[in-house]
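Biologist: I'm new to reading protein models. Could you walk me through one, feature by feature?

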Amino acid sequence: MTPNEPVRARREDADAMHEDGAIWDAIRCVVWEETSLGPMERWPFTLRALLRSLLTSKQPMCLWWGPDLLQFHNEAYLPMLGARVEGAIGKPFSVLWSDVWESVKPYLDEALAGRGTWVEDLPLTMTRNGFAEETFWSFSYSPLFDDEGRIAGVLNIVTETTRLMRERRELEALNHNLSESLARQEEGERQRRVLQRELSHRMKNTLAMVQAVVTQSLRHATSLEEATSVASSRIQALGRAQDMLTESDWTIADLRTAVDAAIKPHVDRDGRFLVTGPTLELSAQQAMGIALALHELATNAVKYGALSADEGKVHLHWATAEDGEFQFEWREEGGPEVRLAGRKGFGTRLTERVVPGYFNGSAETDFQPTGVVYRLRGQLS
């Protein structure tokens, strides 16, 4: 470089301060004599050169210079100012960006200490358009040096990522909703398969029970008419239990609901049945068993026991013992004197052998003179 080249560079730089352009015009409109930078012709060569590079860049950039960190920016930076465009050039950083000053000051201090910084998608709440809005920024702060090599300012190369972050949130929300929808579909499909298996299992068990009822009714009947009547009434009892289960979730039933459904055809007045017991849940098969047992007990009571007399009544009670054993009792009173039957029919075998099997327990029928007492013990599924 010849001795005249530094002088020529400074002259060209001074000429650049008179270039055309909206930003240059805005710079020249500031009364710099009233600022800490002083008149433009006294600005350091480094600042002039930086401004020339800054204003020709298409990347959004700004710089802050001097003890007050006065703002300069290029055209690509204008959208980031929002409604603050007017009068932004030459305004101190702390004034122009007062709403985010405390959030970005740590990064600014690092740059002023000679250490560059970089941050991605920093959330900042701004009021650049007259209202608070959430914004996001990726930017770097780099120290700037004057002609003597001292730190005199900070260069800010910035990209606003607000729209990108909003779109990312929308995609994340969409993905979350889609995942939840798929999970619900998978759960629905799983429940459908469970219900299908349960329905198949239920139908097989019900058909097996109906087959046993019909077969045993025919075997122990003295006539076809009696067999038809007995089998029909037992199947109707099963039907009422099935209706009660269908109204629930098909796998469990409330014991009180099952009892009410079974005795309902025999309730002809208040006080005919005195029912007590806590809320307990039965499996589907246990509900069927209780329905059949109560049907047999009620049918016999109508013919020979408490339900055949106007003043007769039935006490129904259940409970669970401390060891978890389930206890169920049918007790008749107010009917004619009970006489022990000569032989046990299918109804008795049903209540004393079949039904207890659903509870992994045992049952007995006590023909007391004052009324029949039926006791069932076992475990709830």
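**Rings, charges and a helix**

Modeller: Buried means under 20% relative accessible area, exposed means over 50%, and partly exposed lies in between, with a 1.4 Å probe and protein chains only. Keep in mind that this is a predicted model, where local features need pLDDT of at least 70 and side-chain atom pairs count only at pLDDT 80 or more, while totals for chains, interfaces and linings use all residues. Residues are numbered from 1 along each chain as its sequence is written, and side-chain values use heavy atoms, with hydrogens and water left out.

Biologist: Okay, how do I read a pair of aromatic rings?

Modeller: A pair of aromatic rings is described by the distance of the centres and the angle of the planes. Rings of Phe, Tyr and Trp (its six-membered ring) pair if their centres lie within 6.5 Å; planes under 30 degrees apart count as stacked, over 60 as edge-to-face and the rest as tilted. The structure holds 12 aromatic pairs. In one of them, the ring centres of Y107 and F139 are 5.8 Å apart and the planes sit at 90°, so this pair is edge-to-face. Y107 is in helix α6 and F139 in strand β4, 32 residues apart, so the pair links distant parts of the chain. Helices (H or I, at least four residues) and strands (E, at least two) are DSSP runs, numbered from the N terminus.

Biologist: Is F139 buried or exposed?

Modeller: F139 is buried, at a relative accessible area of 4%. The rings of F139 and Y141 have centres 4.8 Å apart and planes at 35°, which makes that pair tilted. Y107, by contrast, counts as partly exposed at 22% relative accessibility. W64, F93, W101, Y107, F139 and Y141 form one aromatic cluster.

Biologist: Now the charges. How many salt bridges are there?

Modeller: A salt bridge is a side-chain nitrogen of Lys or Arg within 4 Å of a carboxyl oxygen of Asp or Glu. Searching the whole structure turns up 17 salt bridges.

Biologist: Which residues make a network of salt bridges?

Modeller: E329, R331, E364, D366 and R375 are linked that way.

Biologist: Last one: how do I check the length of a helix?

Modeller: The expected span is 1.5 Å times one less than the number of residues. For the 20 residues of helix α10 (residues 284-303) that should be 28 Å, and the end C-alpha atoms are 29 Å apart, which agrees. Helix α10 is also mostly covered, with 16 of its 20 residues buried.
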